[in-house]
Amino acid sequence: MAPALVETAPAVQQPEVNYKSGVGQYKEAAFGGPKVFKKDLELRGTEKHAPARYPNYLPTWDNEKETGVYAPLEPFEHTEHGKDADPSFPNLLKDAKVADLTANIGAEVHGVQLSKLTAAGKDELALFVAQKKVVAFRDQDFADLPIKDALAFGGYFGRHHIHPASGAPEGYPEVHLVHRGTDDTTARDFFEERTNSITWHSDVTYEKQPPGTTFLYLLDGPAAGGDTLFANQAAAYRRLSPEFRKRLHGLKVVHSGIEQADNSRNRGGIVRREPVTSIHPLVRTHPATGEKALFVNPQFSRRIIGFKKEESDFLLNFLYDHIAKGQDFQARVKWAPNTVVVWDNRVTAHSALLDWDDGARRHLARITPQAEAPYETEFEEAKTAGFEY
Ligand SMILES: O=C(O)CCC(=O)C(=O)O
Ligand SMILES: [Fe+2]
């Protein structure tokens, strides 16, 4: 049966919380990939559509062998390599051409081959991405590497997250896939019910240790469309008044993976691990830059602890709206063949866009190293200094 090609999670005992009463909604249902996935059709192609360029990356899943067989995730000690980096980036950027995408978020880089970076270069990559928030590296060989080599590269940045509900290349559950194939009717179905496809989120924030430096690379894409949106959640934090920021500090938010798992189950997809909820600070601090960022998203955040439902909904909705409208701290990343986009999931949110014709293949792979458990540091009145707005 079919999987849900979406975000998702595991288990550490949590205090009892009524996560279901929050405003966050799991909206990714319509992004959940085809109900039935015919691998042979994708391998063959159709009269109108070419076969998959990277058949080794076509999604597979096995309900019988995979559902419920993964143990809860255990805590692990994360090493933040961005802290060890030379901030002048001598290894990463020595031959690079860097162009900022906007004044407040994003860069595009030519002239670097990620797969060839030394350990020092990878440390610099972690810091550079933490600073820029999202970076599009062009002309990469990543998609052509053996999958195990791509995973070995990503594993430097943290323990691989195995998605609870998404399809994966055969034998590599650590790779999360985004795939719309030749017989996909997602766009038509989705817009029967909805007016836009924006789904701001950071990945799998219901995990105890959500991802940090995250890699998404293009395998096949439509001629136009299918861009990805990114928002700088540190800039979103700084844009708020000092009084408002002060109030946000100390608040804790419940994040839930339950709806995503239910959604996968309802579609006949897999749930590799029983879903969990986690409690994270509403404002988190980045371990390498010391920057503070909002850490809420409408996909997975559910409830502010200690607030009544209406209070929690009111504040979370304000923050979602603030982030969604902040075009001046957002960037729109355009995909091209051989592009690897790297973002820091701790300080950004992103949204896919469903704006291309059904049937045109869009196929991406994500490598998702987990990072530290989110933590916060004290509110500091003057401490937006040193960071650009
Ligand atoms: O398809 C996209 O543009 C982004 C999908 C996504 O949210 C992810 O891979 O984490
Ligand atoms: Fe995502």
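1. The secondary structure of the protein chain comes to nine helices and 15 strands, where helices (H or I, at least four residues) and strands (E, at least two) are DSSP runs numbered from the N terminus. This is a predicted model, in which local features need pLDDT of at least 70 and side-chain atom pairs count only at pLDDT 80 or more, while totals for chains, interfaces and linings use all residues. Residues are numbered from 1 along each chain as its sequence is written, chains are lettered from A and ligands numbered from 1 in the order in which they are written, and side-chain values use heavy atoms, with hydrogens and water left out.

2. On burial, 61% of the 389 residues of the protein chain count as buried, a word that means under 20% relative accessible area, with exposed meaning over 50% and partly exposed in between (1.4 Å probe, protein chains only). The accessible surface of the protein chain comes to about 15800 Å², and 52% of that surface belongs to carbon and sulfur atoms; such areas come from the Shrake-Rupley method with a 1.4 Å probe, and for residues only the protein chains shown count as cover.

3. Which residues are the closest to ligand 1? Ligand 1 is surrounded by 10 residues, and the closest are H201, D203, T228, R362 and R366, where a residue counts if one of its heavy atoms lies within 4 Å of the ligand. By residue type, the shell around ligand 1 divides into three nonpolar, three polar and four charged residues. In this division Ala, Val, Leu, Ile, Met, Phe, Trp, Tyr, Cys and Pro count as nonpolar, Asp, Glu, Lys and Arg as charged, and the others, Gly among them, as polar.

4. A polar side-chain atom of T228 lies 2.6 Å from an oxygen atom of the ligand, a polar side-chain atom of R366 lies 2.7 Å from an oxygen atom of the ligand, and an N or O atom in the side chain of H350 is 3.1 Å from an oxygen atom of the ligand. On its own, ligand 1 has 290 Å² of accessible area, and the protein covers 96% of it. The elements that give two or more residues to the shell are β14 (348-352) and β15 (362-367).

5. The structure holds 13 aromatic pairs, which are rings of Phe, Tyr and Trp (its six-membered ring) with centres within 6.5 Å, and planes under 30 degrees apart count as stacked, over 60 as edge-to-face and the rest as tilted. F190 and F191 form an edge-to-face pair, at 5.1 Å centre to centre with 80° between the planes; F190 counts as buried at 3% relative accessibility, whereas F191 is partly exposed at 37%.

6. Another edge-to-face pair is formed by Y206 and F300, with 5.0 Å from centre to centre and 80° between the planes. Because Y206 lies in the loop between α5 (186-193) and β5 (213-220) and F300 in the loop between β10 (292-294) and β11 (301-304), the pair ties together parts that are 94 residues apart in sequence. Both Y206 and F300 are buried.

7. Ring pairs also link Y57, F142, F153, Y156, F157, F215 and Y217 into a cluster.

8. Two backbone angles deserve a look. Most residues other than glycine have a negative phi. Phi of K133, however, is near 80°, a positive value; K133 lies in the loop between α3 (119-132) and β3 (134-137) and is buried, with a relative accessible area of 2%. D139, which is not a glycine, has a positive phi of about 55°; D139 lies in the loop between β3 and α4 (147-155) and is partly exposed, with a relative accessible area of 49%.

Definitions and conventions:
A polar contact is a pair of N or O atoms within 3.5 Å; within protein, one must be able to donate a hydrogen and the other to accept it, and residues adjacent in sequence count only if both atoms are side-chain atoms.
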